[in-house]
Amino acid sequence: MTRGPGTAGDGTGEAGAASGVSGVSGVSGVSGVSETNETSETNESKATHGVGGTGPAGAGGRAPSSPPPPGAPSGRTGWRAATERALYGPGGFYHRPQGPAGHFRTSVHASPLYARAVATLLTRVDAALGHPAELALLDIGAGRGELLTGVLDALTTPGQRGAGERPGAGAGDLVARLRPCAVERAQRPAGLDPRVEWRDDLPAPSSLTGLLIANEWLDNVPVDVVEVDPDGVPRQVRVAPDGTEELGDPAPPADAAWLADWWPWPRTTESGLDAEPDHGWDAEPDSGLGAEPGSRAEVGAPRDAAWARAVRSLRAGLAVAVDYAHTRASRPPYGTLTGFRDGREVRPVPDGSCDLTAHVALDACAAAGARATRAGTPVLHTQRDALRALGLAGRRPPLARASTDPAGYLRALSLAGEAAELTDPAGLGDFRWLCQPVGPVAVADVLPLSLPLPLQLPIPPRDGSGPPRAS
Ligand SMILES: C[S@@+](CC[C@H](N)C(=O)[O-])C[C@H]1O[C@@H](n2cnc3c(N)ncnc32)[C@H](O)[C@@H]1O
């Protein structure tokens, strides 16, 4: 999600970067209330201003949570259960009438150019699949159906597909063959295009051929949080409905195993905190022992499972998850759990009053998706690269047009500003697109990119989760 208006550039080349940015998402709601937990930030990037993600206490991060007094009843749960209730339970944040757009801006809300780019991707996937009789467009975590509405609009309005996009043989009837389908926990919004199927669960495994897109869904899949205690022991963080935390038991074995594979802990060295050690793909699993007290991690296993299930619904095609993300080499030492409400980043309070989100370990999701489908190699692109590969240039119109076609010039100028926002490397452009091919589709055929090279994610060669290890 993001919250920042776009602005056009200075008159030469690419439109100036808009402010703004960032994003979220989940799998399956809480009640409660919170009042004065806004930070001073408005219209800022979720990606770069995580409450818990910017450093140790005193430097924008969290103070280590305190262990509970022995025997004291806490009424607290882990963050995963608390988030589940807060977002999706009775009266939960995502069941509110205003929908996600009432509280933050995703790429979908930022500009119709985003839906047009997805329409372009859809036409390419359709071609790669040989124009199947039924072409699915499955939007998981569809919000109020804005993306599907925008794609249908782009496909039926002349001249709106990506720059240089020409329909291939068999593409003419794409809209007639299209099965637009939303998977969303909130109810179908009134007035949605009747062509859009609306469901609260995934279609059956291997039942669809086409494009699956999940824009800011995975960051709303609830996860537990683990924090290293003063003795260097990773413990589950327990939270009360008012957001106060305490440290619970040592991380359960399944969480510890996921962390060992995917989230290397920072450690104190003689020269200070080693917050960005070299955690390559061949690194040994991390037992957590000796980790820096106060370090925090979000346990991504539920997201891996959610993504694997989603990808499994494709018989053939391309699955794309778009989110603010990190990979094993760059985990944030204090996590990124944060809240959003009314366009502001706020303290995460699991009372249903705000969104609760944390950046996504998309490399772990990729590995789970690949194992689930025995699919082709997943690729991770920045949104900036992906949108450019889909024809989103973000160039200002020539100034001369201002005198010959002032209205057209202003429209083009406005679109250039929106494109700049969507591709801003300090904002939405830094989101990651996890592209997971299934069947005959190759990512390079539908998203041909020049430099920088996308990260080709290695597929773990074993049955369990996690990256390959050095032998
Ligand atoms: C941050 S919003 C993104 C909405 C939209 N994709 C966009 O980009 O504007 C995340 C959405 O995912 C939905 N969601 C979360 N978990 C879900 C699940 N398991 N199944 C379906 N929808 C889910 C939420 O209800 C919410 O509408």
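The model is predicted, so local features are given only where pLDDT is at least 70 and side-chain atom pairs count only at pLDDT 80 or more, while totals for chains, interfaces and linings use all residues. Residues are numbered from 1 along each chain as its sequence is written.

**Overall content**

The protein has 12 helices and 21 strands. Helices (H or I, at least four residues) and strands (E, at least two) are DSSP runs, numbered from the N terminus. Of its 471 residues, 55% count as buried. A residue is called buried if 20 or more other C-beta atoms lie within 10 Å of its own, exposed if 12 or fewer, and partly exposed in between, with C-beta atoms placed from the backbone.

Eight strands form an open sheet with mixed pairing, in the order 5-4-3-6-13-20-19-21. Strand 5 (197-199) and strand 21 (455-456) are at the edges; each has a single partner strand, so one side of each lacks a neighbour in the sheet. Two strands pair if DSSP finds at least two bridges between them. Strand 4 (residues 178-183) is joined to strand 5 in the parallel sense by 3 bridges, and A182 stands opposite W198 of strand 5.

L178 belongs to strand 4. This residue counts as buried because it has 20 C-beta neighbours inside 10 Å. Leaving aside neighbours within four places in sequence, L178 is in contact with L135 and L137; residues are in contact if their C-beta atoms, placed from the backbone, lie within 7 Å. L178 and L137 are 41 residues apart in sequence, and their C-alpha atoms are 7.1 Å apart in space.

Axes are lines fitted to C-alpha atoms, for helices over the stretch in contact, and angles run from 0 to 180 degrees between N-to-C directions.

| Helix | Strands it lies across | Angle |
|---|---|---|
| Helix 3 (residues 112-128) | strand 3 (135-140), strand 6 (208-215), strand 13 (314-323) | about 155 degrees to strand 6 |
| Helix 4 (residues 146-156) | strand 3, strand 4, strand 6 | about 145 degrees to strand 3 |

**Helix 7 and helix 8**

In helix 7 (residues 301-312), 9 of the 12 residues are buried, so the helix is largely enclosed by the rest of the structure. Among these buried residues are P302, W307 and V311. The axes of helix 7 and helix 8 (residues 362-373) come within 8 Å and cross at roughly 40 degrees. That angle makes helix 7 oblique to helix 8; angles under 35 degrees count as roughly parallel, over 145 as roughly antiparallel, 65 to 115 as roughly perpendicular and the rest as oblique. Residues that make the contact include R303, W307 and V311 of helix 7 and A364, A368 and A372 of helix 8.

Strand 8 (residues 234-239) and strand 9 (residues 245-250) run antiparallel and are joined by 4 bridges. They form a hairpin with 5 residues between them, and G243 in the turn has a positive phi of about 90 degrees.

Most residues other than glycine have a negative phi. S206, which is not a glycine, has a positive phi near 55 degrees; S206 is in the loop between strand 5 and strand 6. E216, also not a glycine, has a positive phi of about 55 degrees and lies in the loop between strand 6 and strand 7 (224-228). Are these two residues buried or partly exposed? S206 is partly exposed, with 14 other C-beta atoms within 10 Å, whereas E216 is buried, with 27.

How values were computed: Two residues are in contact if their C-beta atoms, placed from the backbone, lie within 7 Å.
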